[in-house]
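Please read them with the structure open.

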Amino acid sequence: MKIRIDITLVFETLMVVMVGAMLAAATQYPIGVRVFPLWVGFPTLFLLLYLLFKDVCPHWKFPGRKRPPGEAPAEKVYEDFDATAWRPILITTGWITAYYLLILVVGFFVATPLWLTAFFLWESGLSPVKSILSAAVSSYAVIRSVEAFGIAVWPGAIPKIIPGILGGGIIPPL
Amino acid sequence: MFGVMRYTGGSNYLWDGIPLVPFVTGLFAISELIIYSSQGGSTASLTDLAGVQWIKQTFQGIMDVVTRPAATVRSVIIGAVVGIIPGLGGPVASFVSYTVAMRRSPDAADFGKGAPEGVLACQVAMDAKDGGALLPTVSFGIPGSPDQAILLGAFMIHGLQPGPLMIRDHMDIVYALLLGIILSQVFNSGITLLISPIMAKISLIPSRIIAPFVLLLVFFGAYMAKTNIHDVGVALLAGIFGYAMRRAGFPLITVVMGFILGPLVERAFLQTLQVADGSYIAFINRPISMVLAMLCVVTLAYPFFGKIKGWFGKNGRTVS
């Protein structure tokens, strides 16, 4: 039996594993703490397994309407959009992740204009002057707006270089 | 209720659970950003901007609504009714209203090609659903749409418990919400008319230029909730999870409903068990609770009953 691997199958499998792990963890808790996760978890696991089984064995005769001869099979409808190729998705996700890591290390003040400039130059195709100007103006506007609320902007986890702007941030315990 | 850490994985950060604002922000905004930015292009495309008469077309849009009162009222009713049904949201209201408008229109062939009736049906229903969605949100604490799920989160942050008690004890807030929706629709209409020529041009800007600004706001917004840098990471992970869900065909609103309603349901569930000394009969020993429980079972089981009935019928077997 050949199983076609697609994102739905992978996602459902991961969800089954996650829910199963949560159910297993729930059995370690006292009775009052575990009763609700068990009540919710088992139906969820059952429904996920049902979905997974339907996707793994689509040729099995599940209860449902028999398609009249000549009618085209219904296409799987993805929510909201046409599924695009993986490469642009991974590139976009990479950019977003890079921005987060940059913020973590050097803080919003430095990471934001740096990242924006790089994105405008590399992905958006803007000229260097436009990229730097756009990045500078938007970074300043957003950071000033945040500071106007009296919120201290994260300066970054590196050792303190410019107090309050670059470095010196203490990463909260995880 | 029991003073026991649950599902923290040994992490101090998860003592209070996954934070609401970064999670929901990431789930919706970053997942949409991933799709939007990776597809490239722009929301709309137009080759000849010089030929567009923006103000004239804005007034034409107003007249398209004024000259179709029946279609407008029908779309309002559909949107409000769909909004009352929890969890459906704007896309369902738009789709149902569009379908009904197309079936009743003598010019159905023009639908899908910019027919004013189609646009009117979608947008009117989308706006009307807000009023309808407020009903289950305030009355039962069940969000009528994704927007209302965010509102529920705001209620929780401010210590307001949606449900019958909110209507009894905070009727002023309920009226404020109603007036807010009415006034916001009026002001929104006026402001939109003024800026629509400018806003329409934003749809022509490539996604690769808009996306970074949106991401900026998302990350700052996630950070501002508790000024904890890990919240930004939560938003990122929620966005990746949200994208995987959407790609696999799972709706996001269900996660938000469970996320917001889960703690409320658990508290009510455990309180009921404590009052009934651990007996589960307490959930069905009153007429109202029994009816609600039966409705839940019927709602969940009905799709399976229909399919099983059809399967038995097609195989020639009958249930005596």
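1. A definition comes first. The bend at a residue is the angle between two fitted axes, one for the seven residues ending there and one for the seven starting there. By that rule, helix 5 of chain B has a kink of about 30°, centred on Asp130(B). Keep in mind that this is a predicted model.

2. Now the length of that helix. Helix 5 of chain B covers residues 116-140, which makes 25 residues. From first C-alpha to last it reaches 37 Å. Just after the helix comes Gly141(B), with a positive phi of about 75°.

3. Helix 1 of chain B deserves a look too. This helix, residues 20-39, bends by about 30° at Gly26(B). Its 20 residues should span 28 Å at 1.5 Å a residue, and the end C-alpha atoms are 28 Å apart, so the span agrees. Gly40(B) follows helix 1 of chain B and has a positive phi, near 70°.

4. The overall make-up of chain B is simple to state. Chain B has twelve helices and zero strands. Its C-alpha atoms fill a box of roughly 75 × 60 × 50 Å along the principal axes.

5. Next, the interface. Chain A gives 67 residues to the contact and chain B gives 55 residues. The size of an interface is often given as the accessible area lost when the parts come together. Here the area buried between chain A and chain B is about 5,600 Å². Carbon and sulfur atoms give 76% of that area.

6. How many salt bridges are there between chain A and chain B? The count is one. Its partners are the side chains of Glu123(A) and Arg208(B), at 3.3 Å from N to O. A search of the whole structure finds eight salt bridges over all chains. Glu123(A) lies in helix 3 of chain A and Arg208(B) lies in helix 9 (residues 207-226) of chain B, so this pair joins two chains.

7. Twelve residue pairs are in polar contact across the interface of chain A and chain B, with both residues at pLDDT 80 or more. On the side of chain A that touches chain B, the elements giving two or more residues are helix 1 (7-26), helix 2 (31-56), helix 3 (86-124) and helix 4 (128-148) of chain A. Helix 3 of chain A supplies the largest share, 19 residues. By type, the residues on this side of chain A are 48 nonpolar, eleven polar and eight charged.

Conventions
Residues are numbered from 1 along each chain as its sequence is written. Chains are lettered from A and ligands numbered from 1 in the order in which they are written. Side-chain values use heavy atoms; hydrogens and water are left out. Helices (H or I, at least four residues) and strands (E, at least two) are DSSP runs, numbered from the N terminus. The expected span of a helix is 1.5 Å times one less than its number of residues. Contact means heavy atoms within 4.5 Å. Buried area is the accessible area (1.4 Å probe) that two parts lose on being put together, summed over both. A salt bridge is a side-chain nitrogen of Lys or Arg within 4 Å of a carboxyl oxygen of Asp or Glu. A polar contact is a pair of N or O atoms within 3.5 Å; within protein, one must be able to donate a hydrogen and the other to accept it, and residues adjacent in sequence count only if both atoms are side-chain atoms. Ala, Val, Leu, Ile, Met, Phe, Trp, Tyr, Cys and Pro count as nonpolar, Asp, Glu, Lys and Arg as charged, and the others, Gly among them, as polar.
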